[in-house]
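Here is a short briefing on one protein model. Please look over the sequence and the fold before reading the points below.

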Amino acid sequence: MPKLKPEELETRRQEIIDAARTCFLRSGFHRTTTDEICKQASITPGGLYHYFAGKDEIIAAVIQQQAEGAIGRVRSLVEGAGGMRGNMGELAQQFMGTMNDPNIDDVVRLEIEIWAEGLKNPKLGDLSREAWALRQDWMETMVRRGAEEGLYNTKDVDAKGLASLLTAILLGMRLGKVLWKDDFDLNGAIAAMFMVHSGRLVMEMPGINGVLAPVKQPVRERAAKVS
C-alpha cells in the first residue's frame, strides 16, 4: 500500500467500519463475507487486512464504535458549563431527537443482531457486554453528578440501581419502536418517563418498604442465612 498520513489511515479505517456496518445490517454477521465488505468499502482484501486481521476484528470495531458514539452524544452537554442541572433541558431535547431519528432504528437492528449472535458466540457476547458496560458506567456517572448538583430530593441515590433502570427503559423504548412501529407510543412513553423521573407522576404504594427491605439486605447477611 502507498504510505498514507495518519489522518488518511484513520479515514480509510472508518470507511471500512461504515461499510461493514452496512453489510451486517443487510446480510447479518454470518452471511457477510470479507469480500462483501471489501466491495462495499471499495478496497482490496489485501488493503482490508492492512487495517484489520479479519472479520472478528471488524465486528469488534463496529460494536466499540456504537458504544462510544452513544456516550459521545451526551458527553459534551453534560461536561459543558452548567453541568447536569444547567443542561437538563438540552439533554431532554437531544434524547427526544435521538429516539425519533429514523437512523436509530438501524442501530437497534444491528444491536439485536449482535445480542442474538452473542448468545451463541461467547467472544462476541463478551464484546457486547463490555460495550454496554461503557454506557452503564457513563449513566452512573451522570446519576452521581445529578445527585451532587441537587437534581434529586436526596444525595443518597443508588447510582448503579438507577442507572440500571434508566438503561433498561432506554433499551425497552428503542426495541418497542423497532418491533411494534406505530403501535408503540414512543413520545407518550418518553413523556411518561420524564414525568415519573421528575416526580410529577407519583403513585401511592402502601407496604412498599416491606418489598424494598430485602432488596437492600447486605450480601454478607444473605450469605450467612443461606449457610
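A residue counts as exposed when its relative accessible area is over 50%, as buried when that area is under 20%, and as partly exposed in between. By that cut-off K120, at 61% relative accessibility, is exposed. The model is a predicted one. The protein has 11 helices and zero strands. Of its 227 residues, 33% count as buried.

**Overall fold**

- From the N terminus on, the elements run α-α-α-α-α-α-α-α-α-α-α.

**Salt bridges**

- The structure holds 11 salt bridges.
- R174 pairs with E111, and their closest N and O atoms are 2.9 Å apart.
- R174 sits in helix 8 (residues 159-180) and E111 in helix 6 (residues 103-118), so this bridge ties together parts that are 63 residues apart in sequence.
- Both R174 and E111 are buried.
- E117 and K120 also meet through their side chains, with 3.8 Å from N to O.
- K160 is exposed, with a relative accessible area of 51%.
- K160 counts as exposed because its value is over the 50% cut-off.
- E140, in contrast, is buried, with a relative accessible area of 8%.
- Shared partners join E111, R135 and R174 into one salt-bridge network.

**Helix 2**

- Which residues of helix 2 (residues 34-41) are buried? They are I37, C38 and A41.
- Viewed down the axis of helix 2, these buried residues fall within an arc of 100°, so they line one face of the helix.
- D35 and K39 are exposed on the other side of helix 2.
- S42 follows helix 2 and has a positive phi, near 55°.

**Largest pocket**

- The largest pocket holds about 1,000 Å³ of space.
- It is lined by 32 residues, and the closest to its centre are F95, M139, M142, M193 and F194.
- Helix 4 (55-78), helix 5 (83-100), helix 7, helix 8 and helix 9 (186-197) each supply at least two residues of this lining.
- Helix 5 gives the most to the lining of the largest pocket, with eight residues.
- By class, the lining of the largest pocket has 23 nonpolar, five polar and four charged residues.

**Second largest pocket**

- The second largest pocket has a volume of about 650 Å³.
- Its lining comprises 18 residues, of which L162, L165, V196, H197 and L201 are the closest to the centre.
- The elements that give two or more residues to the lining of the second largest pocket are helix 8 and helix 9.
- Which element provides the largest share of the lining of the second largest pocket? Helix 8 does, with four residues.
- By class, the lining of the second largest pocket has 13 nonpolar, three polar and two charged residues.

**Aromatic pairs**

- Three aromatic pairs are found in a search of the whole structure.
- One of them is W115 with W132, a tilted pair at 6.4 Å centre to centre, with 45° between the planes.
- W115 lies in helix 6 and W132 in helix 7, so the pair ties together parts that are 17 residues apart in sequence.
- W115 is partly exposed, at 26% relative accessibility.
- W132 is buried, at a relative accessible area of 15%.
- W132 counts as buried because its value is under the 20% cut-off.

Notes
Residues are numbered from 1 along each chain as its sequence is written. This is a predicted model: local features need pLDDT of at least 70, side-chain atom pairs count only at pLDDT 80 or more; totals for chains, interfaces and linings use all residues. Side-chain values use heavy atoms; hydrogens and water are left out. A salt bridge is a side-chain nitrogen of Lys or Arg within 4 Å of a carboxyl oxygen of Asp or Glu. Buried means under 20% relative accessible area, exposed over 50%, partly exposed in between (1.4 Å probe, protein chains only). The arc is that of the directions from the helix axis to the C-beta atoms. On a 1 Å grid over the protein atoms alone, a cavity is a set of points where a 1.4 Å probe fits but cannot get out, and a pocket is an open set with protein on both sides within 12 Å along at least five of seven lines; lining residues have an atom within 4 Å of a point. Grid points are joined across faces, edges and corners, and a volume is the space filled by probe spheres set on the points. Ala, Val, Leu, Ile, Met, Phe, Trp, Tyr, Cys and Pro count as nonpolar, Asp, Glu, Lys and Arg as charged, and the others, Gly among them, as polar. Rings of Phe, Tyr and Trp (its six-membered ring) pair if their centres lie within 6.5 Å; planes under 30 degrees apart count as stacked, over 60 as edge-to-face and the rest as tilted.
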